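Trainee: I am new to this structure. Could we go through how some of its residues get their labels?

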Amino acid sequence: MPQLSEDYKQLIELANEARRRAYVPYSHYAVGSALRTKTGRVFTGVNIENAAYPQTMCAERVAIFKAISEGEREIEVISVVTETGGSPCGGCRQVLAEFGLDTIVLIADAKGKLIQKTTVAELLPGAFTSEKLSR
Ligand code: THU
């Protein structure tokens, strides 16, 4: 695994801390996420479950939507932390693709160990993006 910059370590720590605030009474699978925008702002997110299961929201999307709703549009790097270093779901990959295929994705476990450093383009080859909407 590549050496992690202090900056990346901090994003993983923030995501790991955020996991404690995950609302997961059904799956007990706590996910934390932390992202840094191209303008340097940091946002965190946790998964938020619901008794009506499909209304659950993933941690990554909470962090992304917080950033976008605060006026940000470009994500430099996003970390995702779960107990064992699980990978972002397809829906979150698609939402990430909307805001940059070059976004770096750091996947780590609860010990802070980096499991994978990748990009959105690698996680979602052939992504459906706005260019595909042109008629
Ligand atoms: N989950 C996330 O928060 N992010 C992902 O990328 C995968 C899944 C959440 C949704 C649900 O609360 C729990 O993990 C189990 O699927």
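This is a predicted model: local features need pLDDT of at least 70, side-chain atom pairs count only at pLDDT 80 or more; totals for chains, interfaces and linings use all residues.

Trainee: What makes Lys-9 partly exposed?

Mentor: Lys-9 has 37% relative accessibility.

Trainee: Why is the pair of Glu-6 and Lys-9 called a salt bridge?

Mentor: The closest N and O atoms of Glu-6 and Lys-9 are 3.3 Å apart. The cut-off is within 4 Å, so the pair qualifies as a salt bridge. Both residues lie in helix H1, 3 residues apart, about one turn of the helix.

Trainee: How do you know that Glu-83 and Arg-19 form a salt bridge?

Mentor: Their closest N and O atoms are 3.5 Å apart, and the limit is 4 Å. Glu-83 lies in the loop between S3 and H3 and Arg-19 in helix H1, so the pair ties together parts 64 residues apart in sequence.

Trainee: Are Glu-83 and Arg-19 buried or exposed?

Mentor: Glu-83, at 51%, counts as exposed, because the class begins over 50%. Arg-19, at 13%, is buried, because that class is under 20%.

Trainee: What makes Glu-72 buried?

Mentor: Its relative accessibility is 7%, and buried means under 20%, so Glu-72 is buried. Glu-72 forms a salt bridge with Arg-41, with the closest N and O atoms 2.9 Å apart. Arg-41, at 34%, is partly exposed.

How values were computed:
Residues are numbered from 1 along each chain as its sequence is written. Side-chain values use heavy atoms; hydrogens and water are left out. A salt bridge is a side-chain nitrogen of Lys or Arg within 4 Å of a carboxyl oxygen of Asp or Glu. Helices (H or I, at least four residues) and strands (E, at least two) are DSSP runs, numbered from the N terminus. Buried means under 20% relative accessible area, exposed over 50%, partly exposed in between (1.4 Å probe, protein chains only).
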